Amino acid sequence: MKRVCLITGALGRLGQAFCDAYADEYEIVGVYCNSTPKAAERPETVVDPLDLDRRTAARNAGPFLIKADLTADWELERVVELALARHDRIDLLINGAAVWTTGFSLADESRMGEFERLMSLNMLVPMKLAALIAKHFWRKEKKDGNTIWRRNAVNVSSTAGLQVAAKSQDRFYSVAKGALNHLTAHMAHDYAPLGIRVNAVAPTSFPRVIGAADVVKAIVGIDRGTCNGCVTVVDEHGTRIHK
Amino acid sequence: MFETAARPVPGEQPLHRAPLASIVVNRRWTRRVFPFRHIIARDVFSPGLYAELAATFRAVLALGLSDRRDPLRFSRTLANSNAYAWHLPPDADSPLSLFYRRDLHDILCGLLDIDATGDVAASLHHHRRGDLDGSVHRDLGLSYFTDQPRADGINPADLKRCNYTTGPTTADVKAREVVRAATMIFYLNNTEWHPGDGGETGLYASPTARPDKPAAVAPPINNSLIFFESTPDSYHCFLGNRASDRNSLVMWLHRSVDEVVRNWGQNVIYRWS
C-alpha cells in the first residue's frame with residue numbers, strides 16, 4: 001500500500017520535483033496557493049465513465065491538489081480534513097511551503113507586515129499543520145500504529161538558518177529558518193510519545209547550487225530512515241546530518 | 001405518463017433502458033480538483049435520448065407552475081433555492097427514469113469513489129428568467145427515505161410517504177436518515193447559452209465567497225452535467241439567469257450518517273430549516 005504524503009508548496013520547485021519523481025510511490029495530497037499548476041492534467045484529468053477501475057483510476061490520476069492559503073487557520077483545518085477524507089491517513093508530512101524576501105532593513109517599520117506573514121508561513125504553519133494532523137489522526141491511531149507506519153514530518157528549512165550572518169540579505173528568511181530548525185528539535189521531542197518522528201532538511205540554494213531532485217532525495221531518505229530531531233544539510237558537498 | 005419526442009417502435013427497447021454504452025456517447029468526462037473535486041461532461045447522452053429527456057421536461061412544464069407543493073406540477077418548495085421543482089416519482093417509467101437506474105448510479109459513485117446507499121432523489125428544476133443569485137451553500141443536510149426499491153435496488157424518494165427534509169408524513173411510516181453524498185446537475189431544455197447569460201452553477205473555495213465571484217462554473221449547456229461529492233468544502237450556488245429560463249435535472253445520491261460522522265464529524269450535518 002502506498003504511503004500517503006501531504007506536502008505543502010506542492011507546485012513550487014521542490015514540490016513539483018517530489019510529485020514528478022515519487023507519484024508512483026506515494027499517494028500525494030498537494031497544497032498550493034500562489035503558483036499556477038503548470039500541467040493541465042494535474043488539476044484536471046479525463047476519465048471514461050464506463051471504463052473506470054474504481055479503486056485505482058480515481059486515485060492514481062496524479063497528486064490530489066488543494067488550493068489554500070495556509071496562513072488562515074480555517075484553511076489549515078480544511079486541508080487536513082480533505083486529505084484525511086480522501087485517504088483516511090497521513091503517513092508523511094512535508095512542510096515545503098515558504099516565502100522568501102530579501103534586501104531590506106529590519107529598521108524599516110513599513111515592512112513588518114511582510115515579516116509577520118513570512119514567519120507565519122515559514123515557521124508557524126509547519127507547527128500548526130502537524131498539530132492538526134495529530135489532533136485529527138495521529139493521536140487517534142491505534143497503539144504503535146504510527147511507529148509501524150513510520151509516520152513522520154519533514155520541515156523544509158535552509159542552510160540560511162544554520163549560521164548567524166548579520167550581513168546576509170536574507171534577514172527575515174534566515175530568522176524564520178533558524179527558528180524552524182529549533183522548532184524541529186522541540187517537535188521531535190514532543191511528538192515522540194505518539195511514535196511520530198520530526199526532522200528538517202536544510203538545502204542550500206536550489207536550483208542554483210544543487211538540484212531540487214537532490215533535496216527531494218534527502219527528504220525521501222529521511223522518510224525511509226529512523227532519525228529523529230535531525231537537520232539534514234544538502235549542499236554542494238553532499239548530504240549529511242548537521243552537527 | 002408524458003408525451004416524448006419520439007415513441008419507441010413496438011418491440012424495440014426504449015432508449016432510456018438501453019445499455020449505457022449505447023446511450024452515453026461522450027466517454028471523455030473531465031475530473032477537476034479546484035475548488036473541490038467535481039466532474040463535468042458535455043454531450044453526455046445520444047441525441048435521440050437527449051431529445052426524449054427534453055421533451056419529457058417540456059411536458060411537465062406545460063402543466064404550469066405552483067407556489068405550493070403540488071406533486072403533478074413544478075412547485076416552489078426547495079430549501080436553498082428559488083427554483084420551481086418537480087420530483088420524479090419512485091415508479092417513474094418515462095425517459096427520466098434513466099436517472100433511477102442502478103448502473104448509472106454505480107458509475108457516478110465510481111467516478112468519485114463514493115459508497116452510496118442506493119437512495120436517490122431526482123427532480124426537475126426550473127428557474128424563471130431573472131431569478132437572482134442563490135446563496136453559497138453545501139449539501140450535508142439530513143434527508144429521509146422510506147423503502148420502496150425498484151427492481152434493480154435503487155430506492156427513489158417517495159414524497160407522498162415521507163418528506164425529504166423533515167421525515168415521514170404520517171406516524172405509521174418508518175423512515176431512515178441519510179445524508180447527501182453527491183449532487184448531479186444535468187442541464188436540459190435550455191436556450192443556447194452564451195457567456196453573460198447567467199444560470200451557471202458556481203463553485204466556491206470558501207463559504208464566505210461572494211456568489212458572483214465563483215472559483216469555477218458549470219454553464220447550463222444542454223446535454224451537459226456537473227457532478228460533485230457533498231463534503232464540508234463543496235460550496236456551490238445557483239447564479240442568476242439574466243437571459244432566459246434555466247432548466248435542469250438535479251439528482252442526489254446519499255450515504256449513511258455514520259460515514260459522514262466518521263469522515264468529518266457530527267457537526268457538519270445539519271437539519272434543513
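## Two aspartates with positive phi

A:D88 sits in the loop of chain A that runs between α2 and β5 (92-95). The helices and strands named here are DSSP runs (H or I of at least four residues for helices, E of at least two for strands), numbered from the N terminus. A:D88 is not a glycine, yet its phi is positive, at about 70 degrees. With a relative accessible area of 52%, A:D88 is exposed. As for that word, exposed means over 50% relative accessible area, buried under 20% and partly exposed in between, computed with a 1.4 Å probe on protein chains only.

Before going on, please keep in mind that this is a predicted model, in which local features need pLDDT of at least 70 and side-chain atom pairs count only at pLDDT 80 or more, while totals for chains, interfaces and linings use all residues. Residues are numbered from 1 along each chain as its sequence is written, chains are lettered from A and ligands numbered from 1 in the order in which they are written, and side-chain values use heavy atoms, with hydrogens and water left out.

You will find B:D113 in the loop between α3 (102-112) and β6 of chain B. Is B:D113 buried or exposed? B:D113 is buried, with 16% relative accessible area.

## Helix α3 of chain A

Helix α3 of chain A covers residues 112-136, which makes 25 residues. From first C-alpha to last, α3(A) reaches 34 Å, close to the 36 Å expected at 1.5 Å a residue; that expected span is 1.5 Å times one less than the number of residues. Where does α3(A) kink? The kink lies at A:L124, shortly before the proline A:P126, and amounts to about 50 degrees. The bend there is the angle between axes fitted to the seven residues ending at the residue and the seven starting at it.

A:L118 also belongs to helix α3 of chain A. Its relative accessible area is 0%, which puts A:L118 among buried residues. A:V99 is 19 residues from A:L118 in sequence, and their C-alpha atoms are 5.9 Å apart in space.

## How the helices of chain A pack

Let's see what α3(A) packs against. The axes of α3(A) and helix α5 (residues 171-191) of chain A come within 10 Å, crossing at roughly 15 degrees. Axes are lines fitted to C-alpha atoms, for helices over the stretch in contact, with angles from 0 to 180 degrees between N-to-C directions. α3(A) and α5(A) are therefore roughly parallel, and their crossing is right-handed. For orientation, under 35 degrees counts as roughly parallel, over 145 as roughly antiparallel, 65 to 115 as roughly perpendicular and the rest as oblique. A crossing is right-handed if the near helix is turned clockwise from the far one by less than a right angle, and left-handed if anticlockwise.

Helix α2 (residues 73-87) of chain A and α3(A) have axes that come within 10 Å and cross at roughly 45 degrees. α2(A) and α3(A) are therefore oblique to each other, and α2(A) passes α3(A) in a right-handed crossing.

How are α1(A) and α6(A) oriented to each other? Helix α1 (residues 13-22) and helix α6 (residues 212-224) of chain A pack at about 65 degrees with axes 9 Å apart, and are therefore roughly perpendicular. The crossing of α1(A) and α6(A) is right-handed.

## Cysteines

How many disulfides does the structure hold over all chains? There are zero, a disulfide being a pair of cysteine sulfur atoms within 2.5 Å. A:C19 is in no disulfide, and its nearest cysteine sulfur, that of A:C5, is 7.8 Å away. A:C19 is buried at 2% relative accessible area, whereas A:C33 is partly exposed at 26%.

## Two buried loop residues of chain B

B:D131 lies in the loop between β6 (119-127) and β7 (142-145) of chain B, and is buried at 12% relative accessible area. B:D131 and B:R242 are 111 residues apart in sequence, with their C-alpha atoms 7.3 Å apart in space.

B:F45 is in the loop between β2 (38-41) and α2 (47-61) of chain B. At 3% relative accessibility, B:F45 is buried. Its C-alpha is separated by 8.9 Å from that of B:S22, 23 residues away along the chain.
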